[in-house]
Amino acid sequence: MTTIRKTLFAFASILIFLSGMQSTYAVGGNPTPGFNHQIPEHIMTPDTVETRIGELNFYDGIPTDETIATVYDNLDFYRGIEVFLNFIPATSIEGVRLGMKELGADDYNEVIVFDDLMDSAPLFLTGNTDTVYALSMLDLERDGATVVEIPAGAGPGTVNDAFFRFVVDMGAPGPDAMKGGTYIILPPDYKGDLQPTLNGMEDRGKDTRASVMIGGKETKAWIAQSTSYHNWLVLRGFLQDGKPEYAANMWRTGLKIYPLEDASDPKKMVFTNGSGIFFNTIHANDYAFYEELWHVLQKEPISFLDPELRGQAAAIGIQKGKPFAPDARMKAILEDSVAVGNATARAIWLKPRDESAYFFNDRKWYTGFIGKDYQWLKDGGMGGRNLDARTLFFYSATVNTPAMALEIPGVGSNYAFATEDGSGAFLDGSKRYKVNIPADAPAKDFWSFVVYDPQTRSELQIPGGTDYPSKNNKRDKLVYNKDGSVDLYFGPTAPEGALIANWTETVPNKAWFALLRLYGPLQPWFDRTWKPSDLELIN
């Protein structure tokens, strides 16, 4: 009897389910006019649909000519925005290449060294005033496999490809661990016998080098392979006694770059001092952005980008091997797209809506590496690429390395953005602010606080004022509080007395933002047990 009841109950459940399905999908009932059956409304398109792009009109599901024109314009507009947001990494590297070329650094042996530190003269995305940069642009299509010899004592160094993807670290976070050594960067289409070595942070301290014949001599070298021809090499040297001379000389005497095939007779190294010189390394924020991208795609191999990204660019007429020549309609749409894309990137960067971006639940400080991942993968890749996180970083910064994303105490560096005061108002150069840096800052090497211009995302230029809008605990003679903390001041006028040493000038009627950098960050930073105050508005 129990079995019969269970069978009847199951049969009744099926009938109820089918009844629901009939209701949901309108099986049977009165036929929809023009059909033999009642057609579910959710698959139909009304004759008139109100949307954010206006009224869309249809005849029996067929869009009118006016609606077709409207939605195609909107599709082109949307794709133009998508290309701007997703290709900032590529045009940013192109901007760096063009800026370096302007200073005469275009060949493998030509390097820009900031002998007197990077000041506010160049336009350079959130460059720092605290380490001595040595910059080179590699062209692996022209030169083939390229050798980079770095001296012992080198600070953080990185090679990034033409989409700002990580290739290899050198120096402090690299496999040489500041002991110096030889690296070989292979082009994407390399056909020889060399194979990439183990170069990750987990391999630091191990000798993973391969034996390679370089200039007729057997040499042990770390080997990495890039996915692009153009690669940016950015090296940083630490100050000694708060001064840059030692690091600048280290680069000028110890850095060597040359093609592997020319190792027996390379060109003599040429170094240009970039300090105090105005030049631009930042991508365009207008229609020229798309032209910059076209140049990148012409240079790089097809394998440089996956079909999805190539398809986005091709959808608006940017494709390898073809001219970029939009008609008047398309050009006008793209001019609108880049304007909206630029505004969108600025919103994502200056006021992140992702709560995981913020270091503390009661402070405004946030990271450029949301998810603590230099590839910006969400939930270890389960959520795919965090596109807004990637935009946040590359619209405002350069150099992509695990050493700035991972939590490895004492290695690499970690940065924190501040664009607002504690009340949530954006920072105003006409007003005065204070921030407290607590005692025992968790930085093995040093910490710094640099002020930037939101227009250029470069160091703030102060008419008639300092060229170095920053403070550094190793370089500057700061006035400390009795508890070991230090208060830093910002505003158009200086505080009175000795506290002027802690003051960074800002410009009236201009906004600003800041980056707090910890070189060699320690566990209290990662644990969030040490935290700076918000920027506080003061009278």
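The protein has 10 helices and 23 strands. Both are DSSP runs, numbered from the N terminus: helices are H or I with at least four residues, strands are E with at least two. This is a predicted model, in which local features need pLDDT of at least 70, side-chain atom pairs count only at pLDDT 80 or more, and totals for chains, interfaces and linings use all residues. Residues are numbered from 1 along each chain as its sequence is written, and side-chain values use heavy atoms, with hydrogens and water left out.

Start with the whole protein. Its C-alpha atoms fill a box of roughly 90 × 70 × 65 Å along the principal axes. Of its 539 residues, 50% count as buried. Buried means under 20% relative accessible area, exposed over 50%, and partly exposed in between (1.4 Å probe, protein chains only).

Now look at contacts, meaning heavy atoms within 4.5 Å. Take those in the protein with a separation of 6 or more: 73% join residues 24 or more positions apart.

Next, zoom in on strand S6, residues 146–150. Is S6 mostly covered or uncovered? It is mostly covered, with four of its five residues buried.

Which strands pair with S6? Two strands pair if DSSP finds at least two bridges between them. Strand S9, residues 181–186, pairs with S6 in the antiparallel sense over five bridges. Here Ile150 stands opposite Gly181. Strand S13, residues 256–259, also pairs with S6 in the antiparallel sense, over four bridges. In S13, Tyr258 is the bridge partner of Val147.
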